[in-house]
Amino acid sequence: MKRVLNGQVSRRAVLGAGLAGVGMLAMPSILRAQDKSLKIGVYGGYFKNSFDENIFPEFTKATGIAVESIAEPTGEAWLVQLEQAAKAGQAPADVSMMSQTSTLKGLGTELWTPIDPARIKSFDSLLPHFSSKYPDGRIAGVGAVAWYITLVTNTDVYKEPPTSWADMWDPATKDKLGLLALASNSFLLEVTSTTFMGGTNALDSEEGILKAMEKLAELKPNVRLWYRDEAQFEQALKSGEIPMGQYYHDVTGLAAADGQPVRSTFPKEGGIQDSGNWVLSRASEKIDEAHVFIDYMSQPAIQGLMSRKVGTAPTLKKDVLDLTAEEFAAVSSEIPPILPRYDLYTTKSDWINQKWTELIVAA
């Protein structure tokens with residue numbers, strides 16, 4: 001869903017696998033009209049299949065709104081398609097699951113129809129960073145799902161869990177780390193600035209970003225693999241070949257529950273919390289149906305069940321959920337998260353990518 005979901009198939013496959021039955025707890029919402037329909041964009045493959053099998057039929061049963069699911073590509077390709085179609089007055093999908101960065105880019109062209117928070121019953125229970133807004137305060141996107149990237153270790157190699165992201169800089173970890181390859185999906189600039197520079201506000205200037213990169217470059221001797229393929233790192237983590245790194249909390253937890261010698265640790269500085277939004281194309285005329293759908297997906301019962309079965313972090317405040325303390329701890333943390341600076345990847349993307357290549361991942 002990253003990746004949102006920046007989109008690795010392996011991760012989405014795991015997430016999608018746990019969605020069975022989610023819709024069964026949803027209560028009927030507002031509209032009931034058999035002739036109503038909605039086109040919903042979700043990532044293709046197993047994730048789309050899971051929604052087709054388990055979510056959309058129950059949504060239709062509850063609301064009378066038929067769903068045509070659309071397999072959307074990962075990355076920004078879907079954003080480009082929606083933008084071009086909207087200029088022609090067409091909507092390939094009415095509602096789409098969209099990454100935070102793509103949501104921000106869509107604001108500039110008013111691609112998203114504002115969402116009325118009064119029509120989302122749980123809107124006030126959303127954590128503040130799970131609503132994306134236009135500069136004038138209109139709601140452009142509502143949090144769909146969230147997940148954490150944490151510090152992971154092989155338990156055969158590391159008998160005790162690490163406590164801080166700073167442990168990655170320990171000389172004892174030389175040639176032992178696996179890290180995500182891109183600035184925009186690893187969020188290591190945010191990790192570095194939070195751990196060593198007092199917070200992500202240190203990234204407000206190019207000077208601050210370069211200082212973070214200089215600190216991050218100290219990690220290079222410790223990095224065995226800058227990975228793009230999640231499955232490659234996951235296998236190396238399980239085997240102990242690469243015994244430490246950053247990875248997805250939910251997938252690591254599922255692997256541990258399956259008996260693999262791995263653990264996910266929330267460092268004292270916080271895990272990295274990434275997420276995706278539900279957005280509504282401005283070319284869509286299905287505004288009522290879209291609100292019913294987003295309201296449906298934002299219910300505490302749905303968010304709670306997805307946490308139990310899927311491992312996603314809830315987008316709602318903890319006190320409205322029915323998760324036990326143990327269930328909540330399995331998917332989230334009381335430690336404030338490190339929130340990605342998505343704005344940097346929309347306003348300084350080319351410059352950051354250039355410097356990242358030169359200073360971080362180059363041999």
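Mentor: Glu-234 is buried, with a relative accessible area of 16%; buried means under 20%, exposed over 50%, and partly exposed in between (1.4 Å probe, protein chains only). This is a predicted model, in which local features need pLDDT of at least 70 and side-chain atom pairs count only at pLDDT 80 or more, while totals for chains, interfaces and linings use all residues. Residues are numbered from 1 along each chain as its sequence is written, and side-chain values use heavy atoms, with hydrogens and water left out.

Glu-234 pairs with Lys-238 in a salt bridge, with 3.1 Å between the closest N and O atoms; the term requires a side-chain nitrogen of Lys or Arg within 4 Å of a carboxyl oxygen of Asp or Glu. Both residues belong to helix H9 (residues 230–239), 4 residues apart, about one turn of the helix. Helices (H or I, at least four residues) and strands (E, at least two) are DSSP runs, numbered from the N terminus. Lys-238 is partly exposed at 22%.

Glu-334 and Lys-318 form another salt bridge, at 2.4 Å from N to O. This pair links distant parts of the chain, 16 residues apart: Glu-334 is in the loop between helix H13 (325–331) and helix H14 (344–347), and Lys-318 in the loop between helix H12 (300–309) and H13. Glu-334 is exposed at 59%, whereas Lys-318 is partly exposed at 38%.

Salt bridges with shared partners also join Glu-110, Asp-136 and Arg-138 into one network. The structure holds 17 salt bridges.
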